[in-house]
Structures are given as structure tokens and as C-alpha cells.
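Subject: Handing over the structure

Dear colleague,

I am passing on the structure that I have been looking at, and below it you will find my notes on what turned up. Please keep the structure open while you read, so that you can follow each residue as it is named.

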Amino acid sequence: MKGKVAVVTGSGRGIGREIAVYLAKQGANVVVNVKKRVEDGNETLAEVKKYSAGMMVQADVSTRSGAKLLADETQKRYGRCDILVNNAGLGIGMPFLDSDDRLINKMVSTNYLSAIYCTQEFAKIMSEGSSVIMIASLAGIRPMVSLSLYGSLKAAIIKLTEYLALELKQKRIRVNAIAPSIVKTKMGESLIDYMHMTEDEYASKHTLTGRIIYPSEIAETVDFLVSSPNITGQTIIIDSGQSLIGDFQM
């Protein structure tokens, strides 16, 4: 990992921040990305710089121009990208019939198009042995009430992972995904609140391990996938055994 260039989209806070800082601890040069929250991005960058070099790029990767800007700035500073983590996403629980055009378009562009745009733009500056990691979700594997838009788009990310593993083999770029259940972040906590449960109640009722997933577990899995040369086109599920329990309704 030492000396490699890693780009983590949506890394101002939550899972993205944890991944960015973890990779920096392993010696990678890290490019932090935020859409609007520059303060959050600077906080992540400050943590990154405690361990390695890095920079922060404000860019809306849900647009082609934003993804291109992020790739261009990365190339200007480092000349290449070795690791791309497509983490940018938006999790909103909403009944399907109540979802308006504005929400639909925002969900599609943030959760799906961002991964397409970034992978296309960064593949141009990635060499053999590089790795793309998609952050998907258990909701993309098991349907959950009120997560129809989010879950179906994460399912698309999982399938996109398989297709890109096939197509990018010519460049020797591996593509994998991670599908966690609820993670202890602001977004995860909001989903638990939406279920009218406490964290302990959720962990007791909906997991086999009796504990919620921490962002550090996602970061460690990113490191594992990046360091495993014969894993590609796969989705790693991290769900505390939730998928084995049965129906999960929000």
C-alpha cells in the first residue's frame, strides 16, 4: 500500500472518512473528495496527513464534469490512480409511491451514475494491478421496505461490479464491491431511528453477532480486497449475520 495513490469519493465523513484515513495509515497517498461540505473534507484531510500525503478535491461526482475534475486533479498531483473507492452515496428511506422526480434523479445520479462516471474517468489513469472498490449495500441483495430506490440502485452497483471486472480485465484492473448492512455512522443511526429502535435493540433483534458494524470493518475489507490479486468481480457481505435471520422490515 505504501506509495500508492488512493481516491475515495464522498470521504468527508462516515465510511468514506474511515477508509481514507485507514489507507493513509497503510502508507497510501489519499485524495479526499466532498461535494459541498468542505469543512468535513478538510477534517478528513487533516487526519490523512497525520500518516501520509494527501489532498482534498471538492467535486460533485454525480456529474460527468465533477468526476472528470477529480480525475484531472489527481493526475496533476500524482500522475496516476492505483485505488479508486466509489463510496459516494445517498441513503434515504422513502416509500416508493411517495418518491418524486427530484428524489429519484438525485438518488440515481449519486448512488449509480457517480460510480459509472468515476470509473470511466479514472480508468484512463489507472495502470495494471490497480483496483476499483464499490461500496454497495445489503439492501441491494435483500429487499427492504422503504429502501426501494436505494436498494435497487445498490443492486445495480453489484451487477456493475461483475460487468466491469470482465471489461477492465484488459487493463488488469480488478473490480470488487462491499455490501454492508447498517453501519455505525450518521446515516446508519438515522435508519435505526427511522425504525423506532435503539442501536442495542437493532443489534439484538436483527444480527447474529449482537453488534452493529463499525466503519473500520469496511476500511479493513477495502484493504483486504486491494491486497488480494486473485479476487475480482466479487461482492463481500458484511452484515453481522442479518441475512440469515429472516425478514427485515423497516
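R172 is found in the loop between α5 and β6 (174-180), where helices (H or I, at least four residues) and strands (E, at least two) are DSSP runs, numbered from the N terminus. This is a predicted model, in which local features need pLDDT of at least 70 and side-chain atom pairs count only at pLDDT 80 or more, whereas totals for chains, interfaces and linings use all residues. Residues are numbered from 1 along each chain as its sequence is written, and side-chain values use heavy atoms, with hydrogens and water left out.

To return to R172, its phi is positive, at about 60 degrees, although R172 is not a glycine. Most residues other than glycine have a negative phi. R172 has a relative accessible area of 53% and is therefore exposed (exposed means over 50% relative accessible area, buried under 20%, and partly exposed in between, with a 1.4 Å probe and protein chains only). S240, in the segment after β7 (235-238), is another residue other than glycine with a positive phi, near 55 degrees, but S240 is buried, with a relative accessible area of 14%.

Just after α1, G27 takes a positive phi of about 105 degrees.

How do α1 and α2 pack, and at what angle? The angle is about 20 degrees, with the axes 9 Å apart; axes are lines fitted to C-alpha atoms, for helices over the stretch in contact, and angles run from 0 to 180 degrees between N-to-C directions. The two helices are therefore roughly parallel to each other (angles under 35 degrees count as roughly parallel, over 145 as roughly antiparallel, 65 to 115 as roughly perpendicular and the rest as oblique). R17, A20, V21 and A24 in α1 meet D40, E43, T44, E47 and V48 in α2, contact meaning heavy atoms within 4.5 Å.

Finally, a search of the whole structure finds zero disulfides, a disulfide being a pair of cysteine sulfur atoms within 2.5 Å. The sulfur of C81 is 9.7 Å from the closest cysteine sulfur, in C118, and so is too far for a bond. C81 is buried, at 0% relative accessible area, and C118 counts as buried at 0% as well.
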